[in-house]
Amino acid sequence: MSKMKSGKLLVLLVCLNIITLGVIAAAPPTCPSNLDGKCGDSGEWEGEFFPGIPKIKYEGPSSKNPLSFKWYNAEEEILGKKMKDWMRFSIAFWHTFRGTGVDIFGAATKYWPWEDGTNSLAMAKRRMRANFEFLEKLGVERWCFHDRDIAPDGKTLEESNANLDEVVALAKELQGSKIRPLWGTAQLFVHPRYMHGAATSSEVAVYAYAAAQVKKAMEVTHYLGGENYVFWGGREGYQTLLNTDLQRELDHLARFCEAAVAYKKKIGFNGTLLIEPKPQEPTKHQYDWDAATAANFLRKYGLLGEFKLNIECNHATLAGHSCHHELETARINGLLGNIDANTGDPQVGWDTDQFLTDISEATMVMLSVIRNGGLAPGGFNFDAKLRRESTDVEDLFIAHIVGMDTLARGLRNAAKLIEDGSLAELVQKRYKSFDTEIGQQIEAGKADFETLEKLAMEWGEPKVPSAKQELAEMIFQSAL
Ligand SMILES: [Mn+2]
């Protein structure tokens, strides 16, 4: 009985978590008390959005100033590359500027002073100005967006597109010469029309609507100088095979991806297309379960070479993997294109999208990034949100600062490990028996079973060496 109850509760929580990504307008917060009658006024915002917050600077590890970087020093070179070029940090508009703290049990907890409680076009533009002041003060040159989170949905597709154009024109102006989208995407999961999926919906009119939305989102990403375009299949999956044609849905998804590739080429968009794997939430069986599943999908439909993967750490752990496993799986398949930098909670079974603050985890993440030669044209997008209980405006800065510092510290540690060489030596030593003549023949695919049987008889019982796991952990820990 109690088991059933908590199961139902989890499903409810999960549903709401997804919904909050983009339908803040559906439940407008009451006006904050400190607006002095400005509530509902969608006019121009006067002055700064973050008046007490200076431009964030690097002050080094001994600094006690929460509004400074302790480890992230943008211009400093690590392994021959500037930290900012290893990281290519990006802010996620939907969490940072549309997250309200709503959960299944309670209302919004965050009333940012610039919000007027509406989802108007004027409010969307004011919010966009806040986004760019935030980016500039944080010293981050990239941002990521969903179409429907930056501009309100209209009554028709034409009206939604016009709204988007108006906000995008302002974003283009505010970007200036330095700031660009790391990637754009279409929000194909909040609106009820997408309840059966978008590209995998059983309804052809929904498939067409999703195509139109992706077409437009790709156009505006291209117009803004975006470097990638992401597909997160929020509703692409199924609840039960009793009512689902699995093969047909996957075929439709592949046709959708092919059409996206064709359109990208048609408009001259050179950005990388990225698939973001996730195992559950909102559907029980998501089609892009993990990196290996997504890689197999791309391979089956001949889409390798056209897509890479956007690996999200919290999605990795939901799939029963570590983030490091997913990054390495993507990397060795030539598919590591971008990282959604966040983490889950070890005691919680759903997508909590927290800022990564675990130095050990960050070090493993950065080992993969270094082995990948960096992430460009991808980067690190902070797909992470403040906890519901974190309600000060400055918390937006503190969260990103600690997230950036943690990954910067991970980079410094990973570089130490690589420069030291002991860990690589341990791994190399572990496989040294394959550096022999027969080992090389096996790796070249030239050792048949008869040859190997002869050797097995000649050698007798193999002497199996230690894996030295604790030594590997000792070496790893020495760099933290
Ligand atoms: Mn997530």
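1. Starting with overall size: this is a predicted model, and its radius of gyration of 24 Å agrees with the value near 23 Å that a compact globule of 480 residues would have. The C-alpha trace spans about 90 × 60 × 55 Å along the principal axes. Buried residues account for 40% of the 480. If you take the contacts between residues at least 6 apart in sequence, 78% of them join residues at least 24 apart.

2. On to the fold. You'll find 17 helices and 14 strands in the protein. Eight of the strands close into a barrel with parallel pairing, in the order β5-β6-β7-β8-β10-β12-β13-β14. From one strand to the next, the twist averages 30 degrees.

3. Two of the strand pairs are worth a look in the viewer. Strand β5 (residues 89-92) runs parallel to β6 (residues 142-146), and three bridges join them; Ile91 has Trp143 of β6 as its bridge partner. Strand β7 (residues 180-185) is parallel to β8 and joined to it by two bridges, with Gly184 standing opposite Tyr229 of β8.

4. Which way do the residues of β8 (residues 228-231) point? Asn228 and Val230 go one way, Tyr229 and Phe231 go the other, and all are buried. So Tyr229, the residue opposite Gly184, counts as buried, meaning 20 or more other C-beta atoms within 10 Å of its own.

5. The crossing is right-handed. On the α12 side the contact is made by Ile359, Ala362, Thr363, Val365, Met366, Leu367 and Ile370, while α13 brings in residues including Leu407, Arg409, Gly410, Leu411 and Leu417. By class, that contact has eleven nonpolar, four polar and one charged residues.

6. Helix α16 (residues 449-459) is another story: it is hardly covered, and the count of buried residues among its eleven residues is zero. Just after α16 comes Gly460, with a positive phi of about 75 degrees.

7. Now some backbone checks. Most residues other than glycine have a negative phi, and most peptide bonds are trans. Leu79 has a positive phi of about 45 degrees and is not a glycine; you'll see Leu79 in the loop between β3 (77-78) and β4. Asp353, also not a glycine, has a positive phi of about 50 degrees, and its loop lies between β13 (336-340) and α12. Are these two buried or exposed? Leu79 is exposed because it has 12 other C-beta atoms within 10 Å, whereas Asp353 counts as buried, with 24 such neighbours inside 10 Å.

8. There are cis peptide bonds to check too. The bond from Glu281 to Pro282 is cis, with omega near 0 degrees, and Pro282 sits in the loop between β10 (272-275) and β11 (285-286). Ala376 and Pro377 are also joined by a cis bond, with omega at about 5 degrees; Pro377 is in the loop between α12 and β14 (380-382).

9. Last one: Lys82, in strand β4 (residues 81-82). Lys82 counts as partly exposed because it has 13 C-beta neighbours inside 10 Å. Setting aside neighbours within four places in sequence, Lys82 is in contact with Ala74, Glu75, Glu76 and Glu77. Its C-alpha atom is separated by 40 Å from that of Ile442, 360 residues away along the chain.

Key:
Residues are numbered from 1 along each chain as its sequence is written. This is a predicted model: local features need pLDDT of at least 70, side-chain atom pairs count only at pLDDT 80 or more; totals for chains, interfaces and linings use all residues. Helices (H or I, at least four residues) and strands (E, at least two) are DSSP runs, numbered from the N terminus. The radius of gyration is taken over C-alpha atoms; the globule rule is 2.2 Å times the number of residues to the power 0.38. Two residues are in contact if their C-beta atoms, placed from the backbone, lie within 7 Å. Two strands pair if DSSP finds at least two bridges between them. Axes are lines fitted to C-alpha atoms, for helices over the stretch in contact, and angles run from 0 to 180 degrees between N-to-C directions. A crossing is left-handed if the near helix is turned anticlockwise from the far one by less than a right angle, and right-handed if clockwise. Ala, Val, Leu, Ile, Met, Phe, Trp, Tyr, Cys and Pro count as nonpolar, Asp, Glu, Lys and Arg as charged, and the others, Gly among them, as polar.
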